[in-house]
Amino acid sequence: MKVRKDETYYIISAKWMTTWKEYVNYDDDQTEESPRPGQIVNDHLIRPETKESIRKEFSEGKHYEILPEKVWEYFVTWQVAFSTTLPF
């Protein structure tokens, strides 16, 4: 993804994105229902010594995806909506 200097971006696990795409039938080619993806966990993408940088051995598309801020906010909102239990 081409990033712009003046915008905010987030990284997300490529494995989680694949699971989400299967869940929503993103490619419109599934015949079976897929399980809902779990919580977004990106800890394995970050270098432990810096806690800020992406691991050097990881690459975009294979290990992670880069998301614009609006898309990241959508996933966070979507995840909260499905993980929140409302009293009745």
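User: What makes a residue count as buried or exposed in this predicted model?

Analyst: Buried means under 20% relative accessible area, whereas exposed means over 50%. The model is a predicted one.

User: Why is S13 called buried?

Analyst: The relative accessible area of S13 is 4%. The limit for the term is under 20%, and S13 is therefore buried. S13 belongs to strand β1, which spans residues 9–13. Beyond its neighbours within four places in sequence, S13 is in contact with V41, N42, H44, L45, H63 and Y64.

User: What makes the approach of S13 to K15 a polar contact?

Analyst: A side-chain oxygen of S13 reaches to within 3.2 Å of the backbone nitrogen of K15, at the start of α1. A polar contact requires a pair of N or O atoms within 3.5 Å, so this pair falls inside the cut-off.

User: How do you know on which side of α1 the buried residues lie?

Analyst: In helix α1, residues 14–23, the buried residues include A14, W16, M17 and W20. They cover an arc of only 155 degrees around the axis, and therefore lie on the same side of α1. In an α-helix, residues three or four places apart point the same way, because there are 3.6 residues a turn.

User: Why is K21 said to sit over the ring of Y26?

Analyst: K21 lies over the face of Y26, at 4.9 Å from the ring centre. The distance limit is within 6 Å, so the value meets it.

User: Which residues do ring pairs link into a cluster?

Analyst: The cluster consists of W16, W20, Y23, Y26, Y74, F75 and W78. The count comes to seven aromatic pairs.

Note on methods
Residues numbered from 1 in each chain as written. Predicted model: local features only at pLDDT ≥ 70, side-chain atom pairs only at ≥ 80, totals over all residues. Heavy atoms only, no water. Helix = DSSP H or I, 4+ residues; strand = E, 2+ residues; numbered from the N terminus. Buried < 20%, exposed > 50% of the residue type's maximum accessible area, 1.4 Å probe, protein only. Contact = heavy atoms within 4.5 Å. Arc of directions from axis to C-beta. Polar contact = N/O pair within 3.5 Å; in protein donor to acceptor, adjacent residues only side chain to side chain. Phe/Tyr/Trp six-rings, centres within 6.5 Å; stacked < 30°, edge-to-face > 60°. Lys NZ or Arg CZ within 6 Å of the ring centre and 35° of its normal.
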